[in-house]
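Thanks for making the time this morning.

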Amino acid sequence: MRVHERQQASKRTAFAHVPASKRPFEKTPLPRRSAQALCPFLNDLATSRMNVGEGSVLSKVCKPHKGARHITLIDPAKQSPDVAAQRAMVAVECGTAMIFVGGSTDTPDTVVHATCVAIQEALELRIFAASQDPEGDEERWDIPVVLFPGGAHALSPAADAITFMMLMNSTKREFLVGEQVRGAPHLERFGVEALPTGYVVCAPGGRVGEVGAAELLQPEDTELARSYALCANMFGFSLLYLEAGSGASEPVNPNLIRAVADVEGLTLLVGGGLRTPEAVRAAVDAGANWIVTGTVTEDAGSMDELSERLTSLVGACTN
Ligand code: 1GP
């Protein structure tokens, strides 16, 4: 059994043999402690929370699914933790199947952690409410909270998993393996499950392309895209994430998605610049298994507008 599996199993032990509807509600207040750079929460591992039921997050992420599923990316730098939690709950109500926390490169771990804690607490409350309601559906709130980090500074033990990424087309060691080496011991201690992910930035690339010094994949680079996918598979990565950059003017070209979609053994995430149901549909038709959106959540003027937007994007994943 791998380290994260042992740790996650122990987190779940208390509830393992109790039917969900009969579980006591034991929400311990999660401390909002300040953290030290890169070594946060050393004595605070009880803050870890699993809102996901049995089985690893990776098995849920890679489970075959008709159509695609939707991920809402919450950038902790863009709102308070409480607003992040409200947005995440609206997203789940609209059918999003996973929450990513991360994005900006310079967000301190304290902010990332507070955001993860707020979202986990909100999910726990919904799970509890559903367990008390004969009509309630607890599984609906069985939503992994996954770190999508800009580096080893943006970790939190309150997350269920992390996209443990190699920025495959970076020209900098830092993003190929450096940040990962810095972060790995902390993740081991936190018991946060690593989702092995090949991350490839495509044109236009945005800030992640610049900061990550990526040799951007251009729309015509279909053979190169497939080579990256084969390489990711041969490294043993389970996930491949094609990224156009947050707020990109154009999403990943569907030809690039098509070029990697038939490589065996990879679950394909696509994000960046997906703002309309049509764009989402084109990515899904090309072979995306997961659609990631962030900016549409951040710039929604109200929770009602957010709900309307996400309902149509989530709908485009499956219809
Ligand atoms: C960024 O792919 C994600 O890493 C989401 O992009 O903000 O453009 O939706 P958007």
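In strand E7, Thr267, Leu269 and Gly271 point one way while Leu268 and Val270 point the other way, and all of them are buried.

What does E7 pair with? Strand E6, residues 239–243, pairs with E7 in the parallel sense over 5 bridges, and in that pairing Leu239 has Thr267 of E7 as its bridge partner.

After H9 comes Gly287, which has a positive phi, near 125°.

Ala283 also takes us to the largest nonpolar core, which has 95 residues, and in which Ile99, Val146, Ala283 and Ile291 touch the most other members. Helix H4, residues 109–131, gives this core its largest share, 10 residues. If we take Ile99 and set aside residues up to four places away in sequence, its contacts are Thr72, Ile74, Ala88, Ala91, Ile119, Ile143, Val145 and Val146.

Next, the ligand. It is surrounded by 14 residues, and the closest are Ser246, Gly271, Gly272, Gly294 and Thr295; Gly271, you will recall, is one of the buried residues of E7. Divided by class, this shell has 9 polar, 4 nonpolar and 1 charged residues.

Now a residue in a loop: Gly151 lies between strand E3 (145–148) and strand E4 (161–167). Is Gly151 buried or partly exposed? Gly151 counts as partly exposed because it has 19 C-beta neighbours inside 10 Å, whereas a buried residue needs 20 or more. Beyond four places in sequence, Gly151 touches Thr105 and Glu179, and its C-alpha is 9.0 Å from that of Glu174, 23 residues away in sequence.

Finally, a word on confidence. The protein averages a pLDDT of 86, with 83% of the residues scoring at least 70, but over residues 1–49 the pLDDT stays under 50, and there the model has 60 contacts beyond four places in sequence. Where pLDDT is low, the predicted coordinates should not be read in detail.

Key. Residues numbered from 1 in each chain as written. Predicted model: local features only at pLDDT ≥ 70, side-chain atom pairs only at ≥ 80, totals over all residues. Near = placed C-beta within 6 Å. Nonpolar A, V, L, I, M, F, W, Y, C, P; charged D, E, K, R; others polar. Core = buried A, V, L, I, M, F, W, Y, C linked by C-beta atoms within 7 Å. Buried ≥ 20, exposed ≤ 12 C-beta atoms within 10 Å, placed from the backbone. Helix = DSSP H or I, 4+ residues; strand = E, 2+ residues; numbered from the N terminus. Contact = placed C-beta atoms within 7 Å. pLDDT = per-residue confidence, 0-100. Pairing = 2+ DSSP bridges.
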